[in-house]
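Reader: Before I rely on any of the labels attached to this model, I would like to see each one set against its definition. Could you take me through them one at a time?

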Amino acid sequence: MRFNRMLLSTTLVIVAMVIQVSVLARLHLPGAVPDLLLLTVLGLALVYGHVGGALVGFGAGLLADLAPPADHAAGRYALVLCVVGYLAGLVKPENGRLKSATGPMVVVVAAAVGTTLLYAGVGALVGDTAARHVGLSSLLFTAALYDLLLAPFVVPGIMFLARRAENDPLAEANSSSKKADISSGWLASGTGLRIGSQRGGLKMRAVRSKAARAGRIKGVKRL
């Protein structure tokens, strides 16, 4: 990943993690907790593609595994978000811009359900049965509902910032200045426009001389 991608992804993931732990987790909503970290990974994956989405998902999941008050095995959520980021990156738009909101909403719902199922499945493999006591069906419904309500306020903004970092205004300014220098060089050298103007001037002179000759000939004939 390029430096601007790494810097932006790290900043957004840390901010999302802080907000989720300090604000969203303390709302004590019924069922699941709104997963701001997942929405951040989805927004970046829809711009960076499957490889970038997998890397961002792994880093974000590892941060969630290590950050307090984590009560599960380290690497569990990293694996889940890595897979989800990879799959979300596969549906990346060609130009990085969304034509409608239907596709991202479907991706958010599928990611919320898939994340809950994968997390519960990995937990069952390592002997964690907490999802059974809470109720898997209620977790799936509330996770999809909360993430779907939060997505319109998070995913478009994340994608906008990611596209802005990808455009790199400094590079665009340098490229535009180079184009201006090249065009001014062409004008100064006179290899294009001046030759064309000289040819046009020669053609106009030839037409005028022919018209003058034709007028003289007609005048002689009349005499």
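Reader: Why is Thr-142 called buried?

Author: Thr-142 has a relative accessible area of 11%, and buried means under 20%, exposed over 50% and partly exposed in between, with a 1.4 Å probe and protein chains only, so Thr-142 counts as buried. This is a predicted model, in which local features need pLDDT of at least 70 and side-chain atom pairs count only at pLDDT 80 or more, while totals for chains, interfaces and linings use all residues. Residues are numbered from 1 along each chain as its sequence is written, and side-chain values use heavy atoms, with hydrogens and water left out.

Reader: What makes the pairing of Thr-142 with Leu-139 a polar contact?

Author: A polar atom of the Thr-142 side chain lies 3.3 Å from the backbone oxygen of Leu-139. The definition asks for a pair of N or O atoms within 3.5 Å, one able to donate a hydrogen and the other to accept it within protein, and residues adjacent in sequence count only if both atoms are side-chain atoms. Thr-142 is found in helix α6, residues 136-167, and, leaving aside neighbours within four places in sequence, Thr-142 is in contact (heavy atoms within 4.5 Å) with Pro-30, Gly-31 and Ala-32.

Reader: How do you know that Asp-65 is buried or exposed?

Author: The relative accessible area of Asp-65 is 5%, so Asp-65 is buried by the cut-off already given. Asp-65 has its place in helix α2, and a polar atom of its side chain lies 3.1 Å from the backbone nitrogen of Tyr-77. The C-alpha atoms of Asp-65 and Gly-75, which are ten residues apart along the chain, are separated by 6.2 Å.

Reader: And why is His-28 called exposed?

Author: His-28, found in the loop between α1 and α2, has a relative accessible area of 69%, and therefore is exposed. Its phi is near 55°, a positive value in a residue other than glycine; most residues other than glycine have a negative phi.

Reader: What makes α1 oblique to α2?

Author: The axes of α1 (residues 3-22) and α2 (residues 36-66) come within 9 Å and cross at roughly 45°. Angles under 35 degrees count as roughly parallel, over 145 as roughly antiparallel, 65 to 115 as roughly perpendicular and the rest as oblique, so α1 is oblique to α2. The contact involves, among others, Leu-8, Leu-12 and Met-17 of α1 and Leu-44, Tyr-48 and Leu-63 of α2, and its residues divide into 15 nonpolar, three polar and one charged.

Reader: How many helices and strands does the protein chain have?

Author: The protein chain has eight helices and zero strands, where helices (H or I, at least four residues) and strands (E, at least two) are DSSP runs numbered from the N terminus. Of its 223 residues, 34% count as buried.

Technical notes. Axes fitted to C-alpha atoms, helices over the stretch in contact; angles between N-to-C directions. Nonpolar A, V, L, I, M, F, W, Y, C, P; charged D, E, K, R; others polar.
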